[in-house]
Amino acid sequence: MKDIENYICKNINLEISDKDFFVLLGPTGSGKTTILNIIAGLADYEGNVMFDGKPVDSVPVKNRGIGYLFQNLLLFPHMNVFENVAYSLRTRYRPENEVEDIVNELLKSMNIFYLKERYPKNLSGGEQQRVAIARVLAYKPNILLLDEPFNNLDLRTRKHLRLEIKQLHKELGVTSVFVTHNLIEAEELGDEVAILNDGKVQQIASPKELFSSPVNDHVSEFIGTPNIIECDYCKILGNELAEIGFAGLSLVVPYEDRKVEKVAISPGDIFISKEEIPGPRLNVFKGKIDKIDNLGPILRIKIKVAKRTFVAEIPKDSSYKEELKVDDDVFLKIRLKSIKVF
Amino acid sequence: MKLSSLKWIIPIIAFIAIWEIIARFEIFPSYLFPPFSRVILSMFQLLVNGILLQNLFSSLLRVISGFLLGAMAGILVGIAMGYKEVVNDSLHPIFSLLMPIPALGWAPLFMLWIGINEALPIALIFMSSFFPILYNTITGIKNIDQNYVKVARSLGASELKILRTIVLPLALPNILTGLRLESGMAWRVIIAAEMIAIPTGIGALLIRSESLLQVDVIIVCLMVLSLMCLSFERFFLFLEKNLVSWRSL
């Protein structure tokens, strides 16, 4: 796959199941948007794009049946909400009364009917988002491409819209490809997630598999180098809790009605202190600092606890950074809520 | 009366009053500096005997014809150059050589090619309008975020539809600004052309009045010119406000 003379992505082989919500996850510049543009027919490439097993390489963009939600939404500023949503129908010369019915119904279903006369300039970020989604859904595309659509929104609106998109996907059953660099979005939305780095697919798996079995350092680094723990035993404690055993240690973890085989703990979720941590001793361990790596704004600290090594990360501006050095004895506390179980 | 209207009217009334007083005291000879009241009287006479309207109509017709032709050609070629790189690459080198030539610089050549007739001032106005409007149109089109075009394409629009529904409306503010600025320039060119070569029109009336020492008529012509330039500018401002109202909504 190429862009003029420089290849942005190489040897990409993706198979997306019908009606799946497929997430392309990766850092900026990893080639996520390029892949969406290739699927849409908006970028040059070598190879084949197939829909339902048939190549569509010679099919022009307008006939690919794609709904593309761009990163900056790009609502047409000279058209009001109604005209924006009606655009795809009018380009297909649908009768005006039909256009009106479809658009009005869509605007009502997305709770933005009251905005129909407004211009994009006068809409909030969340409202613009809904209008942009309505615009791509108006002509019922076969495939929905979403390029980091929540980027410029506040956390609350993002969360709300994630739920709406998920619900919408469920209702419409349209195959969707969602690009993001946000791990939480990928985890919440994706049926399957492909992790990209330097224009190459590193791993394709379900969100849970990604956390439990990252295939290489790139994936591991991207998902936050979690501490993966294989369980020796799992004892159900009740109250949606279970105790797992590993390397001679025990850890209380959330329990979700099935045997826990693995747990993943993000390095950022491990609290370290040289002093004994006050409060209940649940998931508190004593260990010795084995190594400290300086990673710019953060310090990555490896701590040996019995036969197991935990990786923790603390921000450099943390108040106790000066005091920590190799061979120090420290206490670790792992927050129950942040433990992912598999 | 609104405060903003008063802000305009009071200085103008003061200016006219000072003018009238200075002229009445005959600080300068009255044949060189007539009072405002005499200018108004001359205007009335010129209106009654039809000389002013006749000349104004001649100039107006030339401005409208030349400006319309220049604007239409500028917009059409500008669209082609702004939208298609190959057209831009072919024409830009030629136009960039021709554009710096002042419109009146073409006058001697056009006199020989076209002759001294109605087509001459129209051709000069065409030259003065064409290039600025052309480049305003190109800039307007090139400044459009190309992602809007991508979105329209992904929504199923054909190239022609994209041009009509996305590119032109988004380039319109630039095009209208070009038209507004160049409409005033068209009046400046016509006056110069009529002074040099054409025996009718406001420019010709100006040069005739100069030779007859009719300063009051010269001032009447200048007032009419000011009024015309202002009216043209206001007309395009009105178009801007109404055709690109989405920018301020």
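Reply: The centres of domain 1 and domain 2 of chain A, taken over C-alpha atoms, are separated by 37 Å in this predicted model. Domain 1 covers residues 21–222 of chain A and domain 2 covers residues 230–341. Along the principal axes, the C-alpha atoms of chain A fill a box of roughly 75 × 45 × 40 Å. The chain contains eight helices and 19 strands. Of its 342 residues, 37% count as buried. Among contacts in chain A between residues at least 6 apart in sequence, 63% join residues at least 24 apart.

Helix H1 of chain A, the part in question, spans residues 32–40. Nine of its nine residues are buried, so H1(A) is largely enclosed by the rest of the structure. The criterion for burial is that 20 or more other C-beta atoms lie within 10 Å of the residue's own. The buried residues of H1(A) include Ile35(A), Leu36(A), Ile38(A), Ile39(A) and Ala40(A). Lys32(A), Thr33(A), Thr34(A) and Asn37(A) are also among the buried residues of this helix.

The surroundings of H1(A) come from both chains. Within chain A, its buried residues pack against strands E1 (21–25), E4 (66–69), E5 (143–147), E6 (175–180) and E7 (192–197). From chain B, helix H7 packs against the buried residues of H1(A) as well. After the helix comes Gly41(A), with a positive phi near 85°.

In total, 16 residues of chain B are in contact with 20 residues of chain A. On the chain B side, the elements that give two or more residues are H7 (146–154) and H8 (159–196). H7(B) gives the most to this side, with six residues. By class, the side of chain B that touches chain A has nine nonpolar, four polar and three charged residues. As to confidence, the model scores ipTM 0.77 and pTM 0.73. Chain B has a mean pLDDT of 91, and 98% of its residues reach 70 or more. Among the elements of chain B, the lowest mean pLDDT (88) belongs to helix H1 (residues 3–24), and the highest (95) to helix H3 (residues 51–83).

Glu148(A) lies in the loop between E5 and helix H5 (155–172) of chain A. Although Glu148(A) is not a glycine, its phi is positive, about 40°. With 21 C-beta neighbours inside 10 Å, this residue counts as buried. Asn111(A) is another residue other than glycine with a positive phi, here near 60°. Asn111(A) is placed in the loop between helix H3 (96–109) and helix H4 (125–137) of chain A. Asn111(A) counts as exposed, because it has 11 C-beta neighbours inside 10 Å. Most residues other than glycine have a negative phi.

In domain 2, which covers residues 230–341, Val253(A) touches Ala242(A), Ile244(A), Val260(A), Val263(A), Ile339(A) and Val341(A), not counting residues up to four places away in sequence. Val263(A) stands opposite Val341(A) in strand E19 of chain A. Strand E13 (residues 262–265) and E19 (residues 340–341) of chain A pair in the antiparallel sense over two bridges. E13(A) also pairs with strand E9 (residues 227–230) of chain A, in the antiparallel sense over four bridges. Glu230(A) has Lys262(A) as its bridge partner in E13(A).

Cys234(A) lies in strand E10 (residues 233–238) of chain A. Its contacts are Ala242(A), Ile244(A), Lys259(A) and Val260(A), not counting residues up to four places away in sequence. Cys234(A) counts as partly exposed, because it has 17 C-beta neighbours inside 10 Å. Between the C-alpha atoms of Cys234(A) and Thr157(A), which are 77 residues apart along the chain, the separation is 38 Å.

Methods:
Residues are numbered from 1 along each chain as its sequence is written. Chains are lettered from A and ligands numbered from 1 in the order in which they are written. This is a predicted model: local features need pLDDT of at least 70, side-chain atom pairs count only at pLDDT 80 or more; totals for chains, interfaces and linings use all residues. Two residues are in contact if their C-beta atoms, placed from the backbone, lie within 7 Å. Ala, Val, Leu, Ile, Met, Phe, Trp, Tyr, Cys and Pro count as nonpolar, Asp, Glu, Lys and Arg as charged, and the others, Gly among them, as polar. Two strands pair if DSSP finds at least two bridges between them. pLDDT is the predictor's confidence in each residue, from 0 to 100. Domain bounds come from an automatic or database domain assignment. A residue is buried if 20 or more other C-beta atoms lie within 10 Å of its own, exposed if 12 or fewer, and partly exposed in between; C-beta atoms are placed from the backbone.
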